[in-house]
Amino acid sequence: MNQPWSPEILISDQKAAEMIEKQFPSLKPVTIEILGEGFDNSVFLVNKQFVFRFPRREIAAKLMQTENRALPALAPLLPIPAPNPLFIGKPEAEYPWQFGGYEILPGKTAAALSHEQRMLSVEPLAHFLRTLHDFPLEEAKKLQIPYDQLGRINILKRKPMLETNIERAREHGLLNQNLVESLYTFLATITEPIKDRTQTLVHGDLHIRNFLVNETGGISAIIDWGDMHIGHPAIDLSIIYSFLPASGREHFFKLYGEVEPEVKKLAKFKAVYSILVLLLYAEDLKDEELIKEAQLSLHVALSD
């Protein structure tokens with residue numbers, strides 16, 4: 001079955017190196033290695049110093065343009081490092097989309113973090129999200145950052161999709177019966193659209209594979225900003241439920257600022273929804289490490 005993360009175009013490391021050398025002669029001779037492939041982009045390490053990302057789908061190409069336009073203004077303001085595009089590549093005959101490169105950020109992909117290591121990120125995440133969500137909307141509009149066009153917190157749309165993904169995950173043996181029951185118990189509390197209409201600048205896709213951690217396990221960088229948009233802050237607050245232990249959430253909201261209970265419930269719903277998509281993605285790739293991380297994230301999200 002064609003999955004939403006299926007690529008439309010895959011670029012080889014050799015072709016990526018050729019394009020980079022041609023468009024950015026100062027980087028010659030280019031050494032290149034594959035860092036990974038996500039939903040939207042093929043990612044390469046260039047000259048051991050820069051990260052270059054090439055869209056794999058047309059929709060991702062549009063997201064790349066938003067990143068390249070907005071991050072130079074936004075990244076210097078954030079208390080956690082974020083990509084700051086230094087190289088903006090142009091389409092060529094064999095590759096039709098804009099691509100981008102930035103200086104490599106500190107840290108490594110988060111994996112198998114303990115309770116204590118996750119707690120290290122409570123305060124940094126609170127300050128980061130407060131700063132991001134306080135970014136002036138008028139400035140965001142000037143940067144042509146779009147509004148949410150996908151209905152990311154549309155309960156009427158997303159709840160049936162989540163239920164379908166739960167059943168798919170169960171059929172693939174990714175969820176045990178206790179976890180399935182816990183998921184449906186939580187979903188039974190989600191009955192109506194949120195009344196809160198707050199809008200802020202949001203990252204749009206905060207989950208465990210979209211940030212890096214340092215040697216102690218604390219967050220060191222926030223990456224993959226392609227889903228950045230103007231939308232409800234609950235979209236980003238979902239990371240509080242998918243990543244932070246329950247014991248750290250009260251302290252987070254003391255620093256970030258209190259939000260209404262319905263907003264917290266919506267953030268938890270978004271966390272569960274995103275984790276299920278990530279779990280199915282990991283299963284499709286046969287990525288056992290990511291499967292375990294997503295399963296753990298579900299347990300974290302459903303804990304009180």
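A: A pocket is an open set of points, on a 1 Å grid over the protein atoms alone, where a 1.4 Å probe fits, with protein on both sides within 12 Å along at least five of seven lines. The volume is the space filled by probe spheres set on the points, joined across faces, edges and corners. This is a predicted model, in which local features need pLDDT of at least 70 and side-chain atom pairs pLDDT 80 or more, while totals for chains, interfaces and linings use all residues. Residues are numbered from 1 along each chain as its sequence is written, and side-chain values use heavy atoms, without hydrogens and water.

Q: How much space lies in the second largest pocket?

A: The second largest pocket holds about 240 Å³. Its lining (residues with an atom within 4 Å of a point) has 14 residues, and Asp148, Ile153, Ile194, Arg197 and His232 lie nearest the centre. By kind, the lining has four nonpolar, six polar and four charged residues.

Q: In what order do the strands of the open five-stranded sheet lie?

A: Strands of a sheet pair through backbone hydrogen bonds, parallel or antiparallel. Here strands (DSSP E runs of at least two residues, numbered from the N terminus) count as paired with at least two DSSP bridges between them. The order is S1-S2-S3-S5-S4, and the pairing is antiparallel. S1 and S4 (87–89) are the edge strands, each pairing on one side only. S1 and S2 (residues 41–46) share five bridges, and Gly36 stands opposite Val43 of S2.

Q: Which strands form the edges of the three-stranded sheet?

A: That open sheet is antiparallel, with the order S6-S8-S9. Its edges are S6 (108–109) and S9 (219–222). S6 is joined to S8 (residues 211–213) by two bridges, and Lys108 has Val213 in S8 as its bridge partner.

Q: Which residues make the contact between H7 and H10?

A: Helices are DSSP runs of H or I with at least four residues, and contact means heavy atoms within 4.5 Å. On H7 (residues 177–187), the contact residues are Leu183, Phe186 and Leu187, and they meet Lys265, Lys268, Phe269, Val272 and Leu276 of H10. Six of these residues are nonpolar, none is polar and two are charged.

Q: Where is the cis peptide bond?

A: The cis bond joins Lys28 and Pro29, with omega about -10°. Pro29 sits in the loop between H1 (13–23) and S1 (32–37). In another loop, between H5 (137–142) and H6 (155–171), is Gln144. Gln144 is not a glycine, yet has a positive phi of about 60°.

Notes:
Axes are lines fitted to C-alpha atoms, for helices over the stretch in contact, and angles run from 0 to 180 degrees between N-to-C directions. Ala, Val, Leu, Ile, Met, Phe, Trp, Tyr, Cys and Pro count as nonpolar, Asp, Glu, Lys and Arg as charged, and the others, Gly among them, as polar.
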